[in-house]
Amino acid sequence: MKTVVLILEWILFIYLAVQVVYLFFFSVAGKLSKTKIIKTAGHLRLIRILIPAYKEDAVIIETVRFAVAHDYPKSRFEVVVIADSLTDSTLKELKKTNAKIIEVNFEKSTKGKALQHALNETKNKPADIILILDADNHMASGFLHKMNNAFDAGFEIVQGHRTAKYLQTSFARLDACTEEINNHIFRRGHNAVGLPAALIGSGMAFDNSLFTTLLNDIGDTAGEDKEIEFRAVRLRKKILFLDNALVYDEKVAREEIFSKQRSRWLATQVEFFNKYFIEGWAQLFNGNVPFFNKVFQTYLLPRIMLIGIVGLFWVLSLLFANQWFAATTILLSLLTTSLLIAIPARWYNRHLLGAFIQIPTAFISMLSAYKQISKAKREFIHTPHGETL
């Protein structure tokens, strides 16, 4: 019995250690990276901004007003709202803006199908760049100019720096921290060593013809951004993380919404683990390291879960298994260092402690999210925006 327990302990330790070392490596790489300097473009490309809006009446009007007023020549960009299940009053207000409104009605709504429908509706007037925004996103000044510069430099896929719009609760601050950690490790850190940045679903831009190819037959997946990402790295496309191109995003303010959102993300992770596990190894042997790396990311625990499990392992080793105490202390130290250096320095204030205090609550919410994976696979779980607290 002791032998079995020891074997299980070693399996757990190795499983956690591989993940911690992975995060530590890319976190340090991100810290040592230098900002890529991109020259100002001599040509202003035509940019089409697609904003899928499923039951987003609370935020979509303000988002569209911000978008159409952006500081890029008005003749060189177009805002397109893909309106799914919006109220008549919202549609009426949207039609007063300069945005193009495309109404859709799907038996099973997904973001991928909405985007594909919009491409079909606008194919007779092709743009140079397709930019995807969520219904709550606001672009910072100069965002489209920076995207245009990146495409002028030869990039075909560019991920902007999505960051918190406002931090109204400690839970929202924690959610914002996790996003900045992911930006640092999976985008900045990956670009630093020559790997494609991870896509995040919004604030991402594509060459029009490439995007049409990547989105073709996207299906009913709730993880359209990850499917697009896998297709892109299969084609060995570079994905640039444009660190200074900010797009502001509303963060989750309450734990019950956090749990629902994460259940959708976890379902997506399981979906792509099952779909691409074998191909990942085949691509690795074919020299496509970026593809294998993306598959490897489906093995990783969410950061909140990893903190919780490594922390519990450390506590248990302290209380009941002293032979693991040194190893788990090193593991916990590496993980803590990886995450702390990924959080922007400007965020280190008294409010950050309040965010950290929410970690146990978030861990419990993640456990609850695992229970909802089956539901998330069957139906689209919508994350509401624009809540007042």
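Predicted model: local features only at pLDDT ≥ 70, side-chain atom pairs only at ≥ 80, totals over all residues.
To find its centre, look for Lys34, Lys36, Asn191, Leu240 and Phe241, the closest of the 39 lining residues.

Let's move on to the second largest pocket, with a volume of about 230 Å³. Of its 15 lining residues, Ile307, Leu339, Leu340, Phe356 and Ile359 are the closest to the centre. Here α6 turns up again, giving two or more residues to the lining, as do α11 (303-319) and α12 (325-340). The largest share, 5 residues, comes from α12. By class, this lining has 12 nonpolar, 2 polar and 1 charged residues.

Eight strands form an open sheet with mixed pairing, in the order β3-β2-β1-β4-β7-β6-β8-β5. Because β3 (100-104) and β5 (138-139) each have a single partner strand, they stand at the edges, and one side of each is left without a neighbour in the sheet. For β5, the pairing with β8 (residues 240-249) is antiparallel and runs over 2 bridges; Met139 has Val247 of β8 as its bridge partner. Helix α4 (residues 111-121) packs on the sheet, where it touches β1 (47-54), β2 (77-84), β3 and β4 (129-132). The direction of α4 makes about 140 degrees with that of β1.

Notes:
Residues numbered from 1 in each chain as written. Heavy atoms only, no water. Pairing = 2+ DSSP bridges. Helix = DSSP H or I, 4+ residues; strand = E, 2+ residues; numbered from the N terminus. Contact = heavy atoms within 4.5 Å. Axes fitted to C-alpha atoms, helices over the stretch in contact; angles between N-to-C directions. 1 Å grid on protein atoms, 1.4 Å probe; cavity = no way out; pocket = protein on both sides within 12 Å on 5 of 7 lines; lining within 4 Å. Points joined across faces, edges and corners; volume = space filled by probe spheres on them. Nonpolar A, V, L, I, M, F, W, Y, C, P; charged D, E, K, R; others polar.
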